[in-house]
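I set out to look up backbone geometry and aromatic contacts in one model. My entries follow the order in which I checked them.

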Amino acid sequence: MRRREFVDQPQALSDLVEQLQSESTLAVDTEADSLHSFREKLCLIQISNSERDWVVDPLVGLDLTELFAVFQKRRVILHGADFDLRMLMRSGMGCPEMVFDTMLAARLVGLRQFSLAALVQNFCAVEMQKGEQKADWGRRPLSPKMLEYAYNDTAYLPEIVGQLEADLVKLGRLDWLQQCVSRVIELVYKASSNGDEEPWRISGSGHLKGLSAAAVRHLWEWRNRCADQIDKPAFHVARNDLLIENARRVGESESPLEQGIHPRFKRSFLQAIEEAKAIPLEQWPRKPKSNRQRPSPEMETRLNQLRDQRQKVAVELDLEVGLIASRVILEKIAMDPSLAESSLMPWQYELLGPALERL
């Protein structure tokens, strides 16, 4: 029976940090409340070694500096590392010296089912309980079911890592995993430092132009202010499709559609609509120019060569084609072969080498 502890007191956290000093590898997971609040926050940190599980509660004001220092000097096991690294780094943690991503590892050994539940079933013959993925992790106290779910998120990772790592070594792909994780970390750093320069360009708004494009930006800003007031996700105020439809109506001088707007904010919504109608021409956003060129016959030939090589390697190694190289990257290289080395990881470049040499 594994020992489990909920850590929500400074002394308990100090004891935990002391116990972790002798560990070389730690399984870690996080829970956030993005589905239940506007200002996403770190709600839980789960930690496991081969024998014990801990859940740390960051919402009680614990100083996590020493715990984060422990993580940075250990090999950290994560399942789908990008989200957890982003949450931990945003909360003050630097980058760990080594990360083992069980999701990436599973894909690199050829598994097609690589969710945590699928890996636990495959490697540990345990069926994990579902139902808490959308729970409000910012709520206190946590229910026994939520706590059980949280503990289990890391409890099986040490055993899974042992088997996945052995498979990667046998296949000669352990270095591939390290390259993939390095790329994930690079993208997390880039996202945290740059952010999204135009987050108002929500899905489906790309066809809006002129005043309609200005209106959707204005309505997006209005929605964020409202969501911030009630600390709820933005969709509680108005869905994306509703913003887009109303932005279109502004541009076409049609009456706004109020159905679906949060009742508390209908008056301010109508005010935002009137403000949007008055946005001057010089403030209308310009759609970013696309660098996409019309495919030439030469580009199509190169793209087909790359696709054929990717398919050939995928069959030989029993890997997903998208793991070897995405469609977007292949098109990018076909358009400009000089970008191959910077766009691909070394292991991908090697697998596509025969096609790349002919470009």
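The entries below cover the backbone, then the aromatic rings.

**Basis.** I worked from a predicted model, in which local features need pLDDT of at least 70, side-chain atom pairs count only at pLDDT 80 or more, and totals for chains, interfaces and linings use all residues. Residues are numbered from 1 along each chain as its sequence is written, and side-chain values use heavy atoms, with hydrogens and water left out.

**Backbone.** I kept in mind that most residues other than glycine have a negative phi, and that most peptide bonds are trans. I looked up the bond from R140 to P141 and found it cis, with omega near 0°. I placed P141 in the loop between α5 (116–124) and α6 (144–155); helices here are DSSP runs (H or I, at least four residues), numbered from the N terminus.

Is A125 buried or exposed? I found A125 exposed, with a relative accessible area of 65%; the terms mean under 20% for buried, over 50% for exposed and in between for partly exposed, with a 1.4 Å probe and protein chains only.

I recorded S253 as a residue other than glycine with a positive phi, near 60°. S253 is in the loop between α10 (240–251) and α11 (266–277). With a relative accessible area of 68%, S253 is exposed.

**Aromatic rings.** I counted rings of Phe, Tyr and Trp (its six-membered ring) as a pair if their centres lie within 6.5 Å, with planes under 30 degrees apart as stacked, over 60 as edge-to-face and the rest as tilted. I found F68 and F71 both buried.

I next examined W222 and F269, whose ring centres are 5.5 Å apart with planes at 50°, so this pair is tilted. The pair links distant parts of the chain, with W222 in helix α9 (residues 210–230) and F269 in helix α11, 47 residues apart. W222 counts as buried at 3% relative accessibility, and F269 counts as buried at 0%.

**Charge over a ring.** My last entry concerns R217, whose charged end sits over the ring of W200, 5.8 Å from its centre. The rule asks for NZ of Lys or CZ of Arg within 6 Å of the ring centre and within 35 degrees of the ring normal.

Notes
Helix = DSSP H or I, 4+ residues; strand = E, 2+ residues; numbered from the N terminus.
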